[in-house]
Amino acid sequence: MATKTDSFGFNDTKLFQVARDCSPDDHKHTQNLVESKDDMLYVWNAKNCCILVLNWRAAASRKKDDLKHQTLIPSAPQNFTVEKILPSTDGTFLALAGPKGVSIIELPRRWGPNGQYQNGKECIICRAYNLDEHLFTENAMLELLQIRWHPASPTDSHLLALLSDNSIRVYDVDSLRHVWRIGPTPTPQAVIGTGGTGKQAGGIIAGSPGNNVSSSGITSKLAYLNSLGDTAVDFDIAPPRVVSSATGSGSGSIGDATFSPTLAGTTTLSTTSSTVATTAKSAITPKEGGALMNDSLMAHKNKKSSTAATAAGVGTKVEWPIVILRGDGNVYVLCAGIDTNRPKLQGPISIQPQVDDNYGLDSCSLIVIPTLPPTVIIAESTGKTHHALFLEESCPLERSLTSELADSNLTMHPCEWYLHVLETVELELGLPSVEETKEAKSYSCPLHLKRDPLNEARYFAYHNAGLHAVTLDFTRPLHEFVQQEYDEELAEKYPLFNSHSRAEYVVCTKALQNANTNAVLGFTLLQSPSGLVLFLASGQVVSLDLITDHSLIRKWPLAGSNKKTNNGESPIKNMLKDSFQKRIHSILKSGLTQPILKLDQTTEPTPQEAFELLTQATRMLRENYFVRHDKARQEIEKREHVLKLLKQQQLNDIEELQAEKQKIRATAERLAETYEDLCDKQNSLFKRAQEVVRLATLRLPKGSFSEKQFAERIEKIHQSVKLLQKNVDQAKQKIATQQIELESNKKTAKEKTITLPVKQENIIKQIIGEMYTQIDSNVKDVKKMNSILNLT
């Protein structure tokens with residue numbers, strides 16, 4: 001049954017009931033055991049080491065008949081604790097990952113009316129591949145940090161795995177394709193594999209997991225690197241670019257523009273605030289920013305022309321830059337494709353504007369949002385997320401490695417990119433107590449980032465304290481700006497980033513400082529319809545509907561806004577009504593969104609903790625809601641007083657208008673009587689004038705010109721009448737003559753008789769006689785025939 005916190009009704013499904021009973025033993029830290037791909041929902045069963053699958057879209061359409069979930073059993077058991085599942089791009093494979101291993105499961109085929117695996121078979125054994133088991137067994141300190149499916153895999157089977165020894169391993173199902181070194185090696189000495197499985201070229205070591213290295217040496221060096229923050233903690237794959245296959249240098253840009261922002265801001269958000277306070281961190285003036293923008297655009301145009309010339313003469317290939325984040329906040333880029341044997345490692349790339357803490361010394365997560373240009377999100381364990389644009393350098397720069405650990409086997413190439421931080425969003429991890437508001441925030445935990453596949457301007461951050469949703473407001477105007485052609489007015493339109501990102505605390509799982517952690521065990525996003533699913537350590541499931549694009553709501557017209565304003569309605573009334581409503585809405589709009597509270601229900605809170613929670617709620621109401629309602633009440637009272645004064649003034653004006661109306665009516669009656677008298681006098685004068693004119697005309701010695709014309713016209717008519725009468729008389733005479741001739745012809749016709757000549761008369765008589773004779777012979781023949789045939 002769907003509720004306000006469970007829009008899709010997953011809490012009552014058998015799938016999550018089983019997952020709730022079989023939750024992992026270690027549920028104090030955030031994991032991701034729930035994933036979705038298209039209409040399939042995957043949940044890891046930690047107790048039975050299997051995967052629970054449900055076609056949630058088909059289950060939602062069949063409300064009366066419950067659709068049973070399926071169980072996918074891996075053919076090879078895992079020797080590690082699974083903390084993350086990740087389906088491939090096309091849903092062909094499913095990766096299981098944990099700190100001590102990774103496995104790939106080949107998903108079965110789907111058919112049947114409900115779109116289930118193997119027509120809804122309850123239990124299915126799937127082929128599973130455990131990758132490099134001996135590598136994690138032999139190295140006790142080695143851990144798996146992140147996995148990503150490569151988006152350009154032709155078989156949808158290439159998996160990238162980041163290990164704590166500063167290496168990325170590329171697997172094609174169960175085969176190891178490459179080992180890319182991305183940082184100082186934890187081995188006490190350079191190691192080159194044997195038997196053709198290890199390569200060293202260009203500063204990139206491709207080694208085999210079977211290298212014999214001292215375990216104590218690796219452990220000590222790895223711990224040393226971790227303490228300095230020189231180990232990679234996360235990576236993501238940026239949009240591709242086209243490079244020259246001859247030189248291997250970048251000859252195409254990511255996205256379609258090179259952009260250098262003018263100002264950068266640091267954004268600070270409260271626990272549930274969606275408004276942002278920005279302080280400028282760069283000393284660049286708008287004029288300098290416009291010049292920088294012009295130089296960047298011109299460099300980009302020159303680079304595109306050189307790119308076209310290079311592509312025409314030399315073969316090209318596609319590279320996927322891999323953005324790598326280290327624990328100390330440094331960002332590196334590894335330029336590699338799926339089949340690249342010698343990738344180029346660049347970094348640490350420059351982060352602008354520069355700050356003392358390098359935008360965080362405890363970085364934990366990174367994602368790349370494929371905007372134009374790409375946006376890189378860097379998260380810290382303290383709750384800060386930095387929004388930066390991934391831009392190309394006008395010319396590659398060499399970076400000094402004095403602060404890096406010396407590694408003779410690692411070669412750094414000139415940096416072709418840099419990051420420009422636009423804003424920093426600070427997310428509070430849990431509801432702050434009274435003591436925490438007075439002091440600095442003390443709680444911290446790793447943040448896990450996930451981008452929204454349907455809305456590139458939004459991403460989610462889930463952690464031990466709940467779930468945040470952050471919306472980037474600069475992506476849309478930035479995309480429109482990049483699509484424009486370069487002109488001189490671009491500098492005047494700059495800066496572009498007038499609006500700030502908005503963050504919403506969706507679900508909070510930590511409200512008390514010393515309470516048990518209700519960590520997130522799984523988070524995924526659904527599509528068609530859009531929604532999110534959050535699985536907590538307490539067994540609760542939160543499923544909410546999502547708005548695909550917030551900008552569409554802002555563009556919707558308000559109710560009645562499309563109606564035409566009545567011309568008879570007062571403009572002042574319309575102005576007061578609209579402005580007052582907007583004013584009250586702006587006052588009552590708190591800018592704060594209270595999250596859904598989901599706490600650990602395994603233990604009852606003590607009276608002190610309950611009182612503290614009540615105090616927090618009371619303080620929140622007093623500071624953020626009651627104040628706004630009081631302000632709205634004062635505004636309403638003020639408006640009421642103004643309207644009363646306005647009403648009184650209008651009543652006085654009405655009385656004055658009524659008196660003026662009476663005066664106008666009396667004046668109108670007097671003017672009407674005067675008008676009638678004037679009309680009578682005018683008519684009498686007009687008649688007298690006509691009579692005078694007639695008498696004057698009669699006394700003239702000759703007729704007027706009009707009278708002469710009239711007389712001539714009458715004379716012409718008289719002549720025409722005479723001619724017509726003459727013609728009529730002639731016609732009557734002709735008719736009489738013809739009548740006499742006709743009567744004489746009739747008399748002669750009656751007296752005339754017709755007589756035949758004698759010869760013709762004899763011929764006629766002869767013919768009649770012959771016919772009589774023939775008829776008589778025919779009659780005889782007929783009678784004869786009747787007698788023969790005995791016919792009567």
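Modeller: What follows takes a few labels one by one; the model is a predicted one.

Biologist: What makes D132 and R169 a salt bridge?

Modeller: The cut-off is 4 Å between a side-chain nitrogen of Lys or Arg and a carboxyl oxygen of Asp or Glu. The closest N and O atoms of D132 and R169 are 3.0 Å apart, so the pair qualifies under that cut-off. D132 sits in the loop between β11 and α3, and R169 in strand β14, 37 residues apart.

Biologist: Why is D132 called buried?

Modeller: Buried means under 20% relative accessible area. D132 has 11% relative accessibility, so the label applies. R169, with 4%, is buried as well.

Biologist: Why are E691 and R694 called partly exposed?

Modeller: That class lies between the 20% and 50% limits. E691 has 37% and R694 has 42%, so both fall in it. Their side chains meet in a salt bridge of 2.5 Å, N to O, and both residues lie in helix α11, three residues apart, about one turn of the helix.

Biologist: How do you know that R148 and D236 form a salt bridge?

Modeller: Their closest N and O atoms are 3.9 Å apart, and the limit is 4 Å, so the pair counts.

Biologist: What makes β12 and β15 edge strands?

Modeller: The order in the open sheet is β12-β13-β14-β15, with antiparallel pairing. β12 and β15 each have a single partner strand, so one side of each is left without a neighbour in the sheet.

Methods
Residues numbered from 1 in each chain as written. Predicted model: local features only at pLDDT ≥ 70, side-chain atom pairs only at ≥ 80, totals over all residues. Heavy atoms only, no water. Pairing = 2+ DSSP bridges. Helix = DSSP H or I, 4+ residues; strand = E, 2+ residues; numbered from the N terminus. Buried < 20%, exposed > 50% of the residue type's maximum accessible area, 1.4 Å probe, protein only.
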